[in-house]
Amino acid sequence: MTSKDKLAAQRIYLFLGALFITSLVVSNLIFQKFFYWHPIDVEIFGTKLFEVSVGLLPYPITFLITDLISEIYGKKRANDIVVAGVFASVFSLLIILVANIAPATSWSYVKDDMFNTVFGNSAIAVFASMVTYLFAQFIDIQIYHFWKRYTKGKHLWLRNNFSTWFSQFIDTLTILVLLCSFDIIEWSNFKGLLISGVIFKVMVAALDTPLLYLGVHLFRTRFNLKAIGEEIDLL
């Protein structure tokens, strides 16, 4: 690989990292709003199917990006992005805490109580998300590379879906347990939200498989990666 190609690969890695971190942090900030996506009207344990948090909308992007980075840049680079995401989450938490302490002026459009309602639970949410995020992302990367080695770089769809399905189940289960334990969500909604969340994430993982294939194809064409499973070395 030429120095020009390596520089281009580094820039793309940087942009993927920025997209990953943005998706992660935003999902933590908007999680308290729930919406009902209703292709079918079905209830599970008193909760409508696909009645999920808007935080789930950007969150699956993080798994797509780590799978793409794992495939093209390797396991170490994917783990580096995960660590960067943790740092960004902690930093955003500190900013929110300081902003919540600062008193609003009398003419401020957003009053203290409104700000606290929207962001007051963000500290717990970010903590819960970081715990589940560490579990889920590292599990996702480990399973992804297990299947990559096992299939000798073939069957991209298999490692993409199997790693994401299992890690997303762990993520959904863990964060719901933590949020219910902190009384942010009622335990009566636990089973329904767990099933809805997992089904929603499995569907998204299946739908993003063509995007992963497209991304891998573009990378392999741009950087002339001919061998199956060949990775870009940024060093």
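The model is predicted, and local features need pLDDT of at least 70, side-chain atom pairs count only at pLDDT 80 or more, and totals for chains, interfaces and linings use all residues. Residues are numbered from 1 along each chain as its sequence is written, and side-chain values use heavy atoms, with hydrogens and water left out.

Rolling a probe the size of a water molecule over the atoms shows where empty space is left. A cavity is a set of points, on a 1 Å grid over the protein atoms alone, where a 1.4 Å probe fits but cannot get out. Grid points are joined across faces, edges and corners, and a volume is the space filled by probe spheres set on the points. By this rule the model has one cavity of 30 Å³ or more. The largest cavity holds about 330 Å³ of space. It is lined by 20 residues, of which Phe-31, Ser-53, Leu-56, Ile-175 and Leu-179 are the closest to its centre; a lining residue has an atom within 4 Å of a point.

Helices (H or I, at least four residues) and strands (E, at least two) are DSSP runs, numbered from the N terminus. At least two lining residues of the largest cavity come from each of α1 (3-29), β4 (51-53), α5 (122-150), α6 (156-181) and α7 (190-207). Helix α6 gives the largest share, five residues. The lining of the largest cavity is made up of 11 nonpolar, seven polar and two charged residues. In this scheme Ala, Val, Leu, Ile, Met, Phe, Trp, Tyr, Cys and Pro count as nonpolar, Asp, Glu, Lys and Arg as charged, and the others, Gly among them, as polar.

Ser-70 is part of helix α2 (residues 59-72). With a relative accessible area of 1%, Ser-70 is buried (buried means under 20%, exposed over 50%, partly exposed in between, with a 1.4 Å probe and protein chains only). The side chain of Ser-70 reaches the backbone oxygen of Thr-66 at 2.8 Å. Leaving aside residues up to four places away in sequence, Ser-70 touches Lys-75, Ala-78, Ile-141, Tyr-144, His-145, Lys-148 and Glu-231, where contact means heavy atoms within 4.5 Å. Ser-196 and Glu-51 are 145 residues apart in sequence, and their C-alpha atoms are 6.6 Å apart in space.

Glu-51 also has a C-alpha separation of 6.8 Å from Phe-34, 17 residues apart along the chain. Phe-34 belongs to strand β1 (residues 34-36) and is partly exposed, at a relative accessible area of 37%. Among residues beyond four places in sequence, Phe-34 touches Val-52, Ser-53, Ile-185 and Leu-193.

Rings of Phe, Tyr and Trp (its six-membered ring) pair if their centres lie within 6.5 Å; planes under 30 degrees apart count as stacked, over 60 as edge-to-face and the rest as tilted. The structure holds eight aromatic pairs. The ring centres of Phe-146 and Trp-147 are 5.4 Å apart and the planes lie at 75°, so this pair is edge-to-face. Phe-146 also forms a stacked pair with Tyr-150, at 6.0 Å centre to centre and 15° between the planes. Phe-146 and Tyr-150 are separated by about one helical turn because they are four residues apart in helix α5. Phe-146 is partly exposed, with a relative accessible area of 42%, whereas Tyr-150 is exposed, at 60%. Elsewhere, ring pairs link Tyr-13, Tyr-73, Phe-219 and Phe-223 into a cluster.

How values were computed. On a 1 Å grid over the protein atoms alone, a cavity is a set of points where a 1.4 Å probe fits but cannot get out, and a pocket is an open set with protein on both sides within 12 Å along at least five of seven lines; lining residues have an atom within 4 Å of a point. A polar contact is a pair of N or O atoms within 3.5 Å; within protein, one must be able to donate a hydrogen and the other to accept it, and residues adjacent in sequence count only if both atoms are side-chain atoms.
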